[in-house]
Amino acid sequence: IASLSVFFVATAHAQPDPFQPLKPEKKKSATRSEERIVPSSQRVSFVAESKMASDKRERIGDALNSETHLDFHEVPLVEIISFLEDAHDMRLWLDTRAIDEIGLSSVVPVTVSLHQVSLRSALRLMLRDLEMTYVVADGVLQITTLEAAEAQLLQHVYPVDDLADPDAEGAARLNALSDLIVTTIAADSWEERGGPGSVVPMDHLGVLVVSQTTSVHEQIADLIGTLRRVREMKHSE
(Lines give C-alpha, C1' and ligand atoms only; values in the text may rest on other atoms or scores of the structure.)
Protein backbone atom coordinates (compact mmCIF):
# COMPACT_ATOMS: atom_id res chain seq x y z
CA ILE A 1 0.00 0.00 0.00
CA ALA A 2 1.44 3.34 -0.98
CA SER A 3 2.12 5.70 1.87
CA LEU A 4 2.47 9.46 1.86
CA SER A 5 4.52 11.34 4.41
CA VAL A 6 4.14 14.94 5.50
CA PHE A 7 5.44 17.64 3.14
CA PHE A 8 6.99 20.75 4.67
CA VAL A 9 8.00 24.00 3.00
CA ALA A 10 9.96 26.94 4.41
CA THR A 11 11.06 30.07 2.59
CA ALA A 12 14.81 30.32 2.04
CA HIS A 13 16.78 33.49 2.64
CA ALA A 14 17.17 35.73 -0.40
CA GLN A 15 20.42 35.20 -2.28
CA PRO A 16 22.49 37.83 -4.08
CA ASP A 17 21.55 38.23 -7.73
CA PRO A 18 24.25 36.45 -9.81
CA PHE A 19 23.24 38.37 -12.95
CA GLN A 20 23.94 41.84 -11.52
CA PRO A 21 27.32 43.18 -12.76
CA LEU A 22 29.68 44.21 -9.98
CA LYS A 23 30.11 47.74 -11.29
CA PRO A 24 27.24 48.54 -13.64
CA GLU A 25 27.96 51.51 -15.83
CA LYS A 26 25.55 54.43 -16.01
CA LYS A 27 24.00 54.46 -19.44
CA LYS A 28 22.08 57.00 -21.44
CA SER A 29 18.42 56.56 -22.25
CA ALA A 30 17.88 53.16 -23.79
CA THR A 31 17.49 52.94 -27.54
CA ARG A 32 14.53 51.12 -29.02
CA SER A 33 16.56 47.93 -29.44
CA GLU A 34 17.94 48.11 -25.89
CA GLU A 35 14.43 48.47 -24.45
CA ARG A 36 13.72 44.92 -25.63
CA ILE A 37 16.24 43.55 -23.13
CA VAL A 38 15.03 42.89 -19.59
CA PRO A 39 17.13 44.85 -17.03
CA SER A 40 20.12 42.92 -15.70
CA SER A 41 18.99 43.41 -12.10
CA GLN A 42 16.45 40.63 -12.57
CA ARG A 43 17.37 37.03 -11.81
CA VAL A 44 17.07 36.04 -15.47
CA SER A 45 17.09 38.32 -18.50
CA PHE A 46 15.06 37.51 -21.59
CA VAL A 47 14.80 39.01 -25.02
CA ALA A 48 11.49 40.80 -25.64
CA GLU A 49 9.75 39.35 -22.58
CA SER A 50 6.60 41.06 -21.37
CA LYS A 51 6.25 42.46 -17.86
CA MET A 52 3.57 39.89 -17.03
CA ALA A 53 5.72 36.98 -18.24
CA SER A 54 8.70 38.36 -16.33
CA ASP A 55 6.68 38.60 -13.11
CA LYS A 56 5.45 35.02 -13.48
CA ARG A 57 8.97 33.77 -14.12
CA GLU A 58 10.24 35.62 -11.07
CA ARG A 59 7.56 34.05 -8.86
CA ILE A 60 8.45 30.60 -10.16
CA GLY A 61 12.11 31.32 -9.47
CA ASP A 62 11.30 32.30 -5.88
CA ALA A 63 9.35 29.07 -5.42
CA LEU A 64 12.20 26.99 -6.84
CA ASN A 65 14.59 28.62 -4.37
CA SER A 66 12.36 27.91 -1.36
CA GLU A 67 13.46 25.19 1.04
CA THR A 68 11.67 21.85 0.98
CA HIS A 69 11.46 18.63 2.97
CA LEU A 70 10.33 15.69 0.83
CA ASP A 71 9.48 12.21 2.09
CA PHE A 72 7.39 10.11 -0.29
CA HIS A 73 7.26 6.34 -0.68
CA GLU A 74 5.79 4.75 -3.82
CA VAL A 75 3.54 7.75 -4.46
CA PRO A 76 2.21 8.41 -8.00
CA LEU A 77 4.02 11.27 -9.70
CA VAL A 78 0.79 13.11 -10.42
CA GLU A 79 -0.03 13.21 -6.68
CA ILE A 80 3.37 14.67 -5.86
CA ILE A 81 2.83 17.31 -8.53
CA SER A 82 -0.51 18.21 -6.93
CA PHE A 83 1.09 18.57 -3.50
CA LEU A 84 3.84 20.76 -4.96
CA GLU A 85 1.25 23.06 -6.50
CA ASP A 86 -0.54 23.49 -3.18
CA ALA A 87 2.59 23.77 -1.05
CA HIS A 88 4.33 26.34 -3.25
CA ASP A 89 1.26 28.15 -4.58
CA MET A 90 2.38 27.72 -8.17
CA ARG A 91 1.14 26.15 -11.38
CA LEU A 92 2.80 22.94 -12.59
CA TRP A 93 2.02 21.17 -15.83
CA LEU A 94 2.79 17.49 -16.44
CA ASP A 95 3.68 16.78 -20.08
CA THR A 96 1.82 13.47 -20.32
CA ARG A 97 2.31 13.13 -24.08
CA ALA A 98 6.11 13.30 -23.78
CA ILE A 99 6.07 11.01 -20.75
CA ASP A 100 4.00 8.40 -22.63
CA GLU A 101 6.60 8.39 -25.41
CA ILE A 102 9.29 7.07 -23.03
CA GLY A 103 7.02 4.37 -21.64
CA LEU A 104 6.00 6.08 -18.38
CA SER A 105 2.74 7.54 -17.14
CA SER A 106 1.53 10.21 -14.74
CA VAL A 107 0.96 7.55 -12.06
CA VAL A 108 4.49 6.14 -12.11
CA PRO A 109 5.38 5.46 -8.44
CA VAL A 110 8.07 7.71 -6.97
CA THR A 111 10.10 7.22 -3.80
CA VAL A 112 12.13 10.19 -2.60
CA SER A 113 13.47 11.37 0.74
CA LEU A 114 15.20 14.75 0.84
CA HIS A 115 15.62 17.17 3.71
CA GLN A 116 16.49 20.87 3.83
CA VAL A 117 17.10 21.31 0.11
CA SER A 118 15.71 23.81 -2.36
CA LEU A 119 12.71 22.82 -4.43
CA ARG A 120 14.97 23.28 -7.46
CA SER A 121 17.40 20.61 -6.21
CA ALA A 122 14.61 18.32 -5.06
CA LEU A 123 12.99 18.35 -8.50
CA ARG A 124 16.30 17.70 -10.23
CA LEU A 125 17.07 14.70 -8.03
CA MET A 126 13.56 13.27 -8.08
CA LEU A 127 13.14 13.57 -11.85
CA ARG A 128 16.67 12.46 -12.76
CA ASP A 129 15.94 8.77 -12.05
CA LEU A 130 12.89 8.98 -14.32
CA GLU A 131 14.94 10.51 -17.16
CA MET A 132 12.82 13.62 -16.81
CA THR A 133 13.42 17.27 -16.00
CA TYR A 134 11.55 20.56 -15.78
CA VAL A 135 11.38 23.71 -17.87
CA VAL A 136 9.92 27.13 -17.15
CA ALA A 137 7.79 28.21 -20.09
CA ASP A 138 4.43 29.86 -20.79
CA GLY A 139 4.20 31.05 -17.20
CA VAL A 140 4.23 27.57 -15.67
CA LEU A 141 6.73 25.01 -14.43
CA GLN A 142 6.53 22.13 -16.88
CA ILE A 143 7.52 18.58 -15.93
CA THR A 144 8.66 16.81 -19.08
CA THR A 145 11.22 14.44 -20.58
CA LEU A 146 14.84 15.27 -21.32
CA GLU A 147 14.22 15.01 -25.06
CA ALA A 148 11.18 17.28 -24.97
CA ALA A 149 13.07 19.82 -22.85
CA GLU A 150 15.82 20.03 -25.47
CA ALA A 151 13.19 21.10 -28.00
CA GLN A 152 12.16 24.06 -25.83
CA LEU A 153 15.10 26.42 -26.06
CA LEU A 154 14.85 29.68 -24.13
CA GLN A 155 16.81 32.77 -25.09
CA HIS A 156 18.49 34.59 -22.19
CA VAL A 157 20.57 37.75 -22.18
CA TYR A 158 23.44 37.69 -19.65
CA PRO A 159 25.06 41.04 -18.78
CA VAL A 160 28.71 40.04 -18.30
CA ASP A 161 30.74 43.13 -19.17
CA ASP A 162 32.38 42.97 -15.73
CA LEU A 163 33.67 39.46 -16.56
CA ALA A 164 35.16 40.38 -19.96
CA ASP A 165 38.83 39.65 -20.67
CA PRO A 166 40.71 42.88 -19.81
CA ASP A 167 43.63 41.90 -22.05
CA ALA A 168 41.50 41.47 -25.18
CA GLU A 169 39.87 43.98 -27.49
CA GLY A 170 36.60 44.14 -29.40
CA ALA A 171 34.56 40.98 -29.79
CA ALA A 172 37.38 38.88 -28.34
CA ARG A 173 36.71 40.37 -24.88
CA LEU A 174 33.87 37.89 -24.30
CA ASN A 175 35.32 34.91 -26.16
CA ALA A 176 37.03 33.41 -23.11
CA LEU A 177 33.81 33.44 -21.09
CA SER A 178 31.67 32.00 -23.89
CA ASP A 179 34.28 29.27 -24.53
CA LEU A 180 34.31 28.43 -20.81
CA ILE A 181 30.52 28.01 -20.80
CA VAL A 182 30.47 25.82 -23.91
CA THR A 183 33.29 23.53 -22.76
CA THR A 184 32.29 23.08 -19.12
CA ILE A 185 28.47 23.06 -19.13
CA ALA A 186 26.56 20.32 -20.97
CA ALA A 187 29.25 20.22 -23.66
CA ASP A 188 27.27 17.99 -26.05
CA SER A 189 24.26 20.32 -26.00
CA TRP A 190 25.92 23.11 -28.04
CA GLU A 191 25.74 23.52 -31.80
CA GLU A 192 29.52 23.11 -32.06
CA ARG A 193 28.99 19.45 -31.13
CA GLY A 194 25.72 18.88 -32.92
CA GLY A 195 23.44 20.07 -30.13
CA PRO A 196 20.69 22.71 -30.28
CA GLY A 197 22.20 25.35 -27.97
CA SER A 198 24.07 28.48 -28.98
CA VAL A 199 25.90 31.39 -27.36
CA VAL A 200 26.50 34.71 -29.13
CA PRO A 201 28.88 37.29 -27.55
CA MET A 202 27.80 40.91 -28.13
CA ASP A 203 30.72 43.02 -26.97
CA HIS A 204 29.13 46.39 -27.79
CA LEU A 205 26.41 45.63 -25.22
CA GLY A 206 28.60 43.61 -22.86
CA VAL A 207 26.23 40.62 -22.95
CA LEU A 208 26.04 36.99 -23.98
CA VAL A 209 22.87 35.92 -25.79
CA VAL A 210 22.32 32.24 -25.05
CA SER A 211 19.70 29.85 -26.42
CA GLN A 212 19.47 26.77 -24.22
CA THR A 213 17.24 24.66 -22.00
CA THR A 214 16.16 25.71 -18.52
CA SER A 215 18.58 23.27 -16.89
CA VAL A 216 21.58 24.55 -18.80
CA HIS A 217 20.64 28.18 -18.12
CA GLU A 218 20.56 27.43 -14.40
CA GLN A 219 24.07 25.98 -14.62
CA ILE A 220 25.26 29.05 -16.51
CA ALA A 221 23.79 31.25 -13.78
CA ASP A 222 25.65 29.24 -11.14
CA LEU A 223 28.91 29.57 -13.06
CA ILE A 224 28.54 33.33 -13.52
CA GLY A 225 27.72 33.74 -9.84
CA THR A 226 30.82 31.76 -8.87
CA LEU A 227 33.05 33.80 -11.18
CA ARG A 228 31.74 37.02 -9.64
CA ARG A 229 32.37 35.78 -6.10
CA VAL A 230 35.95 34.88 -7.06
CA ARG A 231 36.39 38.34 -8.57
CA GLU A 232 35.09 39.97 -5.39
CA MET A 233 37.50 37.95 -3.24
CA LYS A 234 40.44 38.98 -5.42
CA HIS A 235 39.44 42.62 -5.21
CA SER A 236 39.11 42.45 -1.45
CA GLU A 237 42.65 41.08 -0.94
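Helices (H or I, at least four residues) and strands (E, at least two) are taken here as DSSP runs, numbered from the N terminus. The model is predicted, so local features need pLDDT of at least 70 and side-chain atom pairs count only at pLDDT 80 or more, while totals for chains, interfaces and linings use all residues. Residues are numbered from 1 along each chain as its sequence is written, and side-chain values use heavy atoms, with hydrogens and water left out.

The protein chain comes to seven helices and 10 strands. Of its 237 residues, 41% count as buried, where buried means under 20% relative accessible area, exposed over 50% and partly exposed in between (1.4 Å probe, protein chains only). Among contacts (heavy atoms within 4.5 Å) between residues at least 6 apart in sequence, 68% join residues at least 24 apart.

Strand S9 (residues 198-202) contains Ser-198, which is buried at a relative accessible area of 15%. Leaving aside neighbours within four places in sequence, Ser-198 is in contact with Trp-190, Glu-191, Val-209, Val-210 and Ser-211.

A search of the whole structure finds six salt bridges, each defined as a side-chain nitrogen of Lys or Arg within 4 Å of a carboxyl oxygen of Asp or Glu. Among them are the pairs tabulated here.

| Pair | Closest N to O | Separation in sequence |
|---|---|---|
| Arg-173 and Asp-161 | 3.2 Å | 12 residues |
| Arg-228 and Asp-162 | 2.7 Å | 66 residues |

Arg-173 forms a salt bridge with Asp-161; both residues lie in the loop between strand S8 (154-159) and helix H6 (175-184), so the pair ties together parts that are 12 residues apart in sequence. Asp-161 is partly exposed, with a relative accessible area of 30%.

In the pair of Arg-228 and Asp-162, Arg-228 belongs to helix H7 (residues 214-236) and Asp-162 to the loop between S8 and H6. Arg-228 is buried at 4% relative accessible area, and Asp-162 is buried at 11%. Elsewhere, Arg-120, Arg-124 and Glu-218 are linked in a network of salt bridges.

Glu-101 lies in helix H3 and counts as exposed because its relative accessibility is 65%.
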